Amino acid sequence: MNKKKFRAFFVILLVAVLTLTACSEPLQQSDNGNGSEKNGVEPIKIGNTVALTGDVSIWGQSCEKALRLEVDKINAAGGINGRPIKLISYDNRGDSIEAVNVAKRLIEQDKVVAIIGPAMSGLAIAMSSVAEENKIPFIATQATNPQVTVPQEGKVRKYAFRTCFIDPFQGKVLAQFAYHRLNARKAAILYNVGDDYSAWLAKYFEDEFKKLGGNITNKEAFRSGELDYRAMLGKIKQNNPDVIFLPNTQKEAALAAKQARDLGIKSILMGGDACGTPDIVTLGGSAVEGFYLVNHASMDDPDIQDFVKEYKQKYGEEPVLPEPVLAVDALYLLVDAIKRAGTTEGSALAEALENTANLKVLTGTLTIDPKTHDPLNKPAIIQQIKNGEFVFVEKFVTN
Amino acid sequence: MFLQTLITGLSIGGIYALMAVGYSLVFSILNFSNFAHGTIIMLGAYIGYFLISWFYSSLAISLLGAIVGAAIFALLNVSLAYIPLINRKAPPLYLMITSMGVSIFLENMVYVTVGSHFYSFPEIFKKSSVSFFGSEISTLDLFALIFSFIAISGLHLFLTRTKMGTAIRAASYDMTVASLNGVNMNRLIGVVFILAGAFAGIAGVFLGIKYMVYPTMGWITSKAYIAAVIGGLGSLPGAVIGGVILGILETFVSVYISSVIRDVFSFSLVIIFLVILPAGLLGKYLEEKV
């Protein structure tokens with residue numbers, strides 16, 4: 001009996017130890033500006049919630065590195081009004097629950113003045129209540145869902161901001177680009193009826209394209225998990241549209257492109273930012289040649305060349321876009337707001353962020369819409385796939 | 001347009017038929033729905049994909065490897081998971097639940113060993129489609145249709161012209177009587193699973209080339225299962241007919257009615273059909289089947 005009890009106790013102990021080490025391990029912390037603390041000037045602490053491990057960590061790790069690079073530059077130039085910045089980055093693993101924990105830890109334990117990140121809408125929505133409660137503003141990087149800053153029509157979260165464009169804007173950009181640049185007058189849409197991102201993006205595109213005077217010949221739907229779109233594409237083919245809009249994931253868009261080409265459809269294909277991952281090329285092969293997509297940033301964007309160069313010099317590799325440049329934009333936005341507010345107190349800082357106008361940031365000029373806390377008329381990058389590479393076409397501003 | 005729709009429907013239906021054959025084979029002998037079949041198809045697709053990436057686009061090696069590999073997996077599946085249950089006279093319901101377990105186990109094995117990446121077969125056919133009276137037929141579909149037809153005819157010949165085939169058909173009517181007449185049951189079940197596995201390998205490679213290879217691709221076979229039910233579970237010609245009917249029905253509904261309500265519409269038709277003909281088109285009606 002005793003032996004059994006001892007064994008059980010031992011097992012529980014082992015499990016406890018393992019869980020504890022597993023929990024504490026991925027929480028990394030990077031310190032900056034430690035030297036300045038000796039001079040008696042208290043640093044300004046800025047938190048960063050970022051995925052350093054997990055599926056989306058290639059972007060997250062690059063984002064953290066980019067922020068470190070820029071913070072070092074700001075500190076070398078004298079910091080904010082003489083106070084250095086201290087960046088505290090914690091791993092959220094791309095997980096909503098972890099994002100809440102990280103936000104709590106940053107606010108309650110480290111007493112940061114504001115948080116940069118997260119990159120995903122789900123995480124941002126989950127942690128927004130923590131920020132709201134503690135009156136600490138956060139600036140999401142790549143969270144495109146409208147609800148991150150505006151949970152319901154006419155109501156804005158006071159402490160939530162972002163530096164990326166939102167889904168309605170993407171639809172608008174693509175519709176205007178198709179109409180004005182590609183001279184498309186007839187467009188067809190193939191969307192996923194079981195996915196919010198896809199269904200709404202399809203609608204935003206449709207509304208704008210019709211407003212411009214274009215004609216939507218077909219609006220066909222499929223369901224998540226479905227793989228064969230030839231029936232819908234065959235129907236689309238009859239009307240011979242100039243463009244086919246695929247507001248889908250890279251996997252679905254690649255499949256649809258393959259099947260469209262198999263059916264002999266010659267229309268121009270285009271997609272949203274969800275298609276902007278390199279594996280669309282491995283999955284779609286020659287069928288996605290010429291595919292247009294909208295993205296947040298591009299390596300060929302002339303505005304970010306200095307940043308890319310410095311990043312390469314420091315880390316010996318290229319940044320993984322777009323998250324790093326969006327995070328750097330967020331950092332500039334925050335630094336500017338702290339300067340204008342003259343304080344790091346949460347509600348004053350949020351008001352200063354809200355009133356940002358024509359601020360020069362890495363990817364262009366940034367104006368925050370006080371009604372939605374989204375960037376106003378942020379330029380979107382249009383890319384095209386040529387010879388299996390994403391090629392920069394232009395920086396597109398809507399009108 | 002009508003012709004194009006028919007061609008598309010046929011090519012989708014052909015894939016359903018190929019998958020449905022595997023279900024029907026197992027069902028005809030063991031009276032249970034082998035849900036692990038979809039997972040074996042997925043494994044076949046992975047084997048085919050890795051072979052083709054190693055051997056520079058040789059479809060023959062990939063297809064052959066997938067057939068052999070999937071057959072081995074199917075044999076392992078039956079001898080490790082089902083035979084022990086059959087030997088203890090477990091009712092078919094337990095076999096069905098075991099098959100669900102096997103399916104989830106294998107799928108997660110792929111997640112932890114290969115990962116959740118999507119893979120796409122290299123482009124095998126230089127010309128992706130051929131014109132036919134103003135409609136486009138994909139070269140792969142044409143090849144797949146012909147190959148499947150040959151494979152299914154081969155299976156039909158095997159079942160009607162060989163001693164083993166006759167034994168399988170006998171066992172599908174009554175297992176007890178067949179074993180009383182000297183048929184080695186365990187061996188027969190093994191052969192049936194090897195055949196079903198071989199068909200899973202073919203279906204896996206074609207599915208992989210046509211679409212993509214990923215761990216949950218086996219779930220597309222739920223449609224093939226429905227096709228097998230329409231045709232009458234346990235009946236081989238039924239499985240083929242059911243697959244083709246379902247593929248064509250789906251395609252026509254999405255072209256001529258609406259792609260948004262396609263599944264709502266076509267599956268209401270399936271339910272109505274089964275209410276009228278509970279055993280499917282060519283199935284025999286037996287109450288205890290699960």
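This section describes the fold of chain B and a sheet of chain A in a predicted model.

Residues are numbered from 1 along each chain as its sequence is written, and chains are lettered from A in the order in which they are written. In this predicted model, local features need pLDDT of at least 70 and side-chain atom pairs count only at pLDDT 80 or more, whereas totals for chains, interfaces and linings use all residues.

Chain B has eleven helices and two strands. Helices (H or I, at least four residues) and strands (E, at least two) are DSSP runs, numbered from the N terminus. The order of elements in chain B is α-α-α-α-β-β-α-α-α-α-α-α-α. The radius of gyration of chain B is 19 Å, close to the 19 Å of the globule rule for 290 residues, so chain B is as compact as a globular protein of that length. The radius is taken over C-alpha atoms, and the rule is 2.2 Å times the number of residues to the power 0.38. The C-alpha trace of chain B spans about 60 × 50 × 35 Å along its principal axes.

Of the 290 residues of chain B, 51% count as buried. A residue is buried if 20 or more other C-beta atoms, placed from the backbone, lie within 10 Å of its own. Contacts require C-beta atoms, placed from the backbone, within 7 Å. Among contacts in chain B between residues at least 6 apart in sequence, 75% join residues at least 24 apart.

Helix α5 of chain B covers residues 139-161. Its 23 residues should span 33 Å at 1.5 Å a residue, and its end C-alpha atoms are 32 Å apart, which agrees. The expected span is 1.5 Å times one less than the number of residues. Buried residues of α5(B) include L140(B), D141(B) and I152(B). The buried residues of this helix pack against α1, β2, α8 and α10 of chain B.

In chain A, seven strands form an open sheet of mixed pairing, in the order β7-β6-β8-β9-β10-β13-β14. Strands pair if DSSP finds at least two bridges between them. The edge strands are β7 (215-222) and β14 (389-396) of chain A, each pairing on one side only. Neighbouring strands are turned by 25 degrees against each other on average, direction ignored. Axes are lines fitted to C-alpha atoms, for helices over the stretch in contact; angles run from 0 to 180 degrees between N-to-C directions. Strands β10 and β13 of chain A pair in the antiparallel sense over four bridges. There, N295(A) stands opposite I381(A). Helix α7 (residues 196-211) of chain A packs on the sheet, touching β6, β7 and β8 of chain A. The direction of α7 makes about 165 degrees with that of β6(A).

Conventions: A residue is buried if 20 or more other C-beta atoms lie within 10 Å of its own, exposed if 12 or fewer, and partly exposed in between; C-beta atoms are placed from the backbone. Two residues are in contact if their C-beta atoms, placed from the backbone, lie within 7 Å.
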